[in-house]
Each structure stands twice: as structure tokens, then as C-alpha cells.
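Let's take a walk through a protein model together. Have the sequence and the 3D view open, and we'll go step by step.

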Protein chains: 2
Amino acid sequence: MPAQRDGPASGSADALDTDDAPLAAELADRDAVGLVAVGDRFDDDIRWLTRFSGPDRDYAFVATPASDADPDTNEGTDGVHATLCAPALFDEQARREFPGDAVRVDDQGDPAGVRAAAALADRGVESGTVLVPRGIPHDAAVYLERAGYEVASTDAVARARETKTDAEVGRLRRVQRAAIRGIARAEAILAEATVDPDADDGAGAVRWNGGVLSTERLRRQVNEVLAAHGVRDAGNTVIGAGATAADLHYTGTDVIRPGETVLLDVSPRGPDGYYGDVTRTFAVDPDGGWERRAYLAVEAAREAALEEVAAGVPASTVHEEAAAELAAHGFRVDSPEVGFTHSTGHGVGISLHEGPSLGGDDELAAGNVVTIEPGVYDPEEGGVRLEDLIVVTADGFEFLGEYPFSLVPRDRE
Amino acid sequence: MPAQRDGPASGSADALDTDDAPLAAELADRDAVGLVAVGDRFDDDIRWLTRFSGPDRDYAFVATPASDADPDTNEGTDGVHATLCAPALFDEQARREFPGDAVRVDDQGDPAGVRAAAALADRGVESGTVLVPRGIPHDAAVYLERAGYEVASTDAVARARETKTDAEVGRLRRVQRAAIRGIARAEAILAEATVDPDADDGAGAVRWNGGVLSTERLRRQVNEVLAAHGVRDAGNTVIGAGATAADLHYTGTDVIRPGETVLLDVSPRGPDGYYGDVTRTFAVDPDGGWERRAYLAVEAAREAALEEVAAGVPASTVHEEAAAELAAHGFRVDSPEVGFTHSTGHGVGISLHEGPSLGGDDELAAGNVVTIEPGVYDPEEGGVRLEDLIVVTADGFEFLGEYPFSLVPRDRE
């Protein structure tokens, strides 16, 4: 991706930056001398704070109030001075990717918490309260305490991440587009597939391209499409069939049978760290029983949920409308195993699951990106879910990618 | 993957288990009442301890001494009683995947650290020293302390992970095989590519399949092969060309030019969490200059390093032999930017980088799986690295997958 090469410093309108204003506000509110995050490439807080896709060992981000610290320079214009303590072998990459004020490669031999303390000291901060995300590695917190700081947890980073910038929404759109292409490939395969009623001693099976079609064969086809479009499955291509379509996280191998629901939940990650998330459900040669009733109910619940979405609406309202619609269609909404077993959606960004939750009490805000994903499940029958990704606007929402749906698959590639 | 579905309880010879004996020994040595790990699906310690590929929010593993706790049952035969505190929506998957003694879904609303404390209390452990990996989330450590335990860090998990079981080596072999197929695809493309000396205003470019070949086009081709073989690139398909071949972690887009080194480092992750790691370097229409000298030097260093490998040998000896060979060929081994800029290898397992490091002082042990990856770099010229994955044996090593190498690419698919 050229954007990654040119990096945030390229100044293109689409460049990813991180708005430091919420960090500055939190430092002021909490009367804190700094904010420190420590993590490796799998830590999404530090990925968002630094835009640095570093190694699988810990590095550190340090923010200090900047308004009066650098009056003569252009540093810290958002109100914080941001430092990345990078691993030496990643120095060049860190400078390319980090949109903050300074990259430090000092004190390489020390643990990341010790390096963060040294960076704080270099900013003239010798004591006081340092805010950390609550999941910071324990040793980093202990090193900060030993260096004389008082460590207190903050959810400011998680909260700030919930509201997306236009550049972030652009990244999410791109990944969602690739995810949809993956779904389109799977749907085309299912549309082309044939029914072999005699296979497996009369249990029947769906065949494609010369062999029995399994969830694993279908998953590999989807993942090839994702790879071809420059995103990665990230272990999140969940495909279930029949009973395993009722398993929310099934990634095993199952023969696909005629008539049973095939549920595809595709949540790839793009090169900048943002996720897509889309689910469609199909059946090859359905018989018009449970899966038809479930499909109609989920379609209605999806409509009901979407109708509620707008900035200022309590997130739980969206969930309650979906649940009410499913209940009206005769499905349970109170069991962890049968019926509607999960919430209507969750935030998506640099984590696949982040705030706001549509089961929670927060009000939706413009710039929230959330899934709308009603579904019903029955381990005896299968599972049906339809999931789309939307960005909340002042008076409604926009889809981040659209894709039609129907229980019977069609070739839409 | 059927193995994932059937899970460790299936009893097949190839089932992944986790040897609890080192944990039991550490609990005894440290006079500790338990060992607790907390993390999400991206935490490799908890992945290894639980074999559970859970969600992107924290869950907990709790081990307590078992030898005298359950004399009448078959539980904890390795000397610990192991509990997984799983998220409710993952209950079924946790029971399928976790080879330990108990899956708890109690106290869902509580943070993972609180749930771990409750699991300890249920095992009759109310106070004493609880060992944790040092990177455990800070809030989990604080919750354990608040519950009355003394928290102390241990590296027993990291050390135990360094010695692989036969089942683990089997998983590593499978992923490495897929990685090698990715390399073979890239090599075939480079062998088929043609030189267009007039492209880019006379700068020249390599063309393939109707267009200029870039590192990103090549990366997508490799990643499609990985997806087709059921593994994922995990963000680790690093391809550089010319100057960016000297960047150890380059994942951007570069036009591939005639004669320049094209370095491909492919490190996919398999469905059970184990990584492969292989690097080859090619040049389309090389002119016999720097890249030829570099290639011969790296080839010699690879041989020199491999000759040293055996159980009982200090890991640093392997590195020193490779470095000496590169120095004898006239390359620097003392700079972070030019010449041999990194260590000769690292352990690979459920983390891409784990112990033992070939730069370190530990002795190699049978069952260690390490990379052998000498390389030389020059930002003005390019980079050459050859990397293979081996398992250390009593008197030498075995390759986990073999693939030939030559500077000029050939179609070996």
C-alpha cells in the first residue's frame, strides 16, 4: 500500500493521523503529567496512538502536555507532545509511520516501561500521575512506579477510538469492500454448487468443482480473494454449516449439506490495521422450513435496527428494536443458546470489537462505526445472521459497503 | 482443520497438548500457590497454555498444584490442575479446545483478574504467592493483589515454550511447507518476468503478466498461495526490492527493477497458532556485482552456522560462526545499518519470535526450533538473506521443510 510507504507525513488528505485533543483533555482533567501506553504489534491502543506496525515485543508511547512546553516550535499542536520509544531495528519504519513529535531509540536494552520513564524524564517530568490504559503490561506499570510516578488507569484512549475521522472511515470502507468481495466469491461458489443426495451414505452433500464442498474449502476460497485484494483474513473468516452455523466462532471443517444454512462471517484486517465485518447466510436447495422463517425474521430485525440509528440515540434502543422484531417472529431472545443469543452490534475500528456496544447504555455519536448484525440460532437447525457495517451520522447512518442478500445464493461476482 | 474441531481430547497421536510438568516444577521451586495468565487471543503465553483461540478480550488461565489435591481423580496428572476461565459465548469452543482440567464460565461480568482470583479460591487457595508472566495486564495483577495474593513474575512459561513436542514440530512443519509454497510461487513469477529497460523513463522495470511487477503485486500472489493452503500471512509477508530489501520489515509498494535484489521473508501462521519462517533472495537479470558477492557470502555463512548446531552448543557460537564467515567475505558485522545487522536466528513457535535467540548465551537444547538466517544489507545496494527453520537434535538438526536457493529465479512449482 503506497499510503503505508509514504506514511502519515505525506500530507495527503487521506493520511491517517491520531487526534491528540482527547489525550490533552484527559491529562488536564486528571491533572496528570503524562500518558503512557506499552504494547506490541498486537496491542490496538498503541497501534492507534502510534500508527506504527511494530514488532512482536513491547515498545512504548509517551504523551506529555505540550501547550506550554514548546511555545517556539510547531511541536505538539494538538496539546500533547508525543514520543514513540521504538526498537532499534525498526527506527526507519517508526519515523516513516509515526505521526507524533519524536522517535526515540535510546536505552534499547531496557524494558519498555523503563524506556517510557526515561522519555518522561527527558520531557522534564520527574514525578506525578501517569495515566495508562488498564491493560498495560504489569511490568511496565511497576517500572513506572519504581521511577517515582503514580500510575492511574484511563479509558480515554478507548473512548477516543470510538469516534472515527474521515481518514479512518475511508480505511474501513476499503477493507469492507474487500470483505464483500470475499462474500461474493463464496456466494458464487454456492450458486454454482450442485446437490448430491446420495453422498455420505444418503446423508447428502453439496458438491463444487469436482469434490464435496466443506466449510474449510469455502474458507480458503474466501481467504484467497482477501489476499488478492491486499487484506488478510486475520483468523476471522468464520464459516459454519447446519449445526455449526449456530456456533458464533466456528472455524473448523464441516461438509456442507443440501438445505442447511451456510453462515459466512468475514472480518479481514487491512494493512493500516482497520477491520471489515460482514455476514451473509445462504442455503443450497432450501426446503422452506426453519431457515426460511429465520431469514425473514432476521431481515425484519435488520430493518428495525437500522431505522433507529442516529446520533444521540441510546445504543441499547437499536438492540431492543431488533430483539422485539425477532420475538414478534416467534424467536427466543432470552437464551444463550437458542434464538437471538448476542447483541445487535459492536464498534469496529483498529480492533474488530470495540466501543460502542449496541447492548450498552451510551448514546450513539456521529462518527461511530458499528455493525448491525441480528441473528437467530438453533443447534438443531442452523443459524442465520445478516451483518453490515455502518457509520453513524447526525440524522441516520451510511453503509460502509453494500451487498445484497438472499437465502438462495446467486452469482453476483 | 479437523484437528481443531476434534480438539486435543481426541487422543490422536498428533493432538496438541501442553506439558504441565514445567509449571508444576516452577510452583514447587517458588513455593507458589498458583500460576495465572491473563490475555486475549493475541497473547501467545495464554494461547500455548490453553490451546484456546478465544476472543479479542481478556480471559484467564489458572494452574494450581494438583498432586495432593485430587488423589482420587485422574485430574492434574502432570502435577497441576488447570482451569480456563472462558467467555460465555465461547463456552463450547473452550471445552473443545482446552486440554486442561476445567472450563469455568462463572462471574462473566467481572474482569479476568477477578475471575482468576475466584477460580483460585474455588481450588481452596486463599493466599500466598501467585506467579504470573511479567507482561500480564496490569489490572489483572492489581485484582489478584486486592484478592489477597502476592504477585510475582515468572519466565517459566516462556522457557517451557522453547522446547517443542513432536506434535508442535509437526504443526511447524506444516506451516513451513505452506510458506515454502508461497516462496515457490514468487520465484516462479520472477523466473517468468521480463525486463523492460525503457520503463519509467529509462530507469527500467521488471514486468509480469501484462504489467510492471511491484513488491505489493508479488506479496498478494504469495498471500493467495498461503490462503489456499489454509494458513494466513499474519502481516508477515515482507518483500523488499533494491533499497527496501535492506529494510528488514518492508511491507510497502516498490517497483521491482532489473538486477536488484528481491528479498522475500514469508512467516505465515497456521490454524493452531504456530508460525513458519523462510526467506529467499533473487534478482532478475543480475549483473554480477554486489548482489553476487553478498549471495556467496550469505551462502557460506549459512553453511558455517548450520555446522555448529547441536544440543549443548552455546547459541552465540552459531551466530559468531556466521558473523566470522561474513566478515571473512569483507562484510561489516558491527553496524546497525550496513552488513550483517541482526542476529543469526531466533526461536519460532506459537510466537514468531521467541527463545532461544542465537545471539544469546543459552545452550541449544534438543527440541528447540530456530531460524538460521544470515544476511547482509546495504541501503545503496540492496539486501540478501537466506533463512531456514530447523529443529535442534542431540547431535545436529533437521530442516523443517527444505527449498533450494539460487540468486537467479527458476520455476520450481
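Two residues count as being in contact if their C-beta atoms, placed from the backbone, lie within 7 Å. Keep that in mind, and remember as well that this is a predicted model.

Which residues does Val36(A) touch, once you leave aside its neighbours within four places in sequence? The list is Ala60(A), Phe61(A), Val62(A), Ala116(A), Val130(A), Val132(A) and Leu144(A).

In soluble globular proteins, nonpolar side chains tend to be buried together.

Now zoom out to the whole of chain A. You'll find 12 helices and 17 strands in it. Its radius of gyration is 24 Å, close to the 22 Å that the globule rule gives for 413 residues, so chain A is as compact as a globular protein of that length. Along its principal axes, the C-alpha trace spans about 75 × 45 × 40 Å. How much of chain A is buried? The share is 55% of its 413 residues. As for how the chain folds back on itself, look at contacts between residues at least 6 apart in sequence: 65% of them join residues at least 24 apart.

Chain A can also be split into parts. Its domain assignment gives domain 1 (2–160) and domain 2 (166–399). The C-alpha centres of these two domains of chain A lie 36 Å apart. Where they touch, domain 1 puts in 10 residues and domain 2 puts in nine. On the domain 1 side, helix H3 (residues 44–50) of chain A gives the most, with three residues.

Finally, bring in chain B. A rotation of 180° with 0.0 Å of shift along its axis superposes chain A on chain B, with an RMSD of 0.0 Å. That is the relation of a two-fold axis. Which residue of chain A comes closest to the rotation axis? Look for His138(A), whose C-alpha is at 2.0 Å. And how do the copies meet? Of the interface residues of chain A, 100% are also interface residues in chain B, so the copies meet through the same surface.

Conventions. Residues are numbered from 1 along each chain as its sequence is written. Chains are lettered from A and ligands numbered from 1 in the order in which they are written. This is a predicted model: local features need pLDDT of at least 70, side-chain atom pairs count only at pLDDT 80 or more; totals for chains, interfaces and linings use all residues. Helices (H or I, at least four residues) and strands (E, at least two) are DSSP runs, numbered from the N terminus. The radius of gyration is taken over C-alpha atoms; the globule rule is 2.2 Å times the number of residues to the power 0.38. A residue is buried if 20 or more other C-beta atoms lie within 10 Å of its own, exposed if 12 or fewer, and partly exposed in between; C-beta atoms are placed from the backbone. Copies are superposed by least squares on the C-alpha atoms of residues with pLDDT of at least 70 in both. Domain bounds come from an automatic or database domain assignment.
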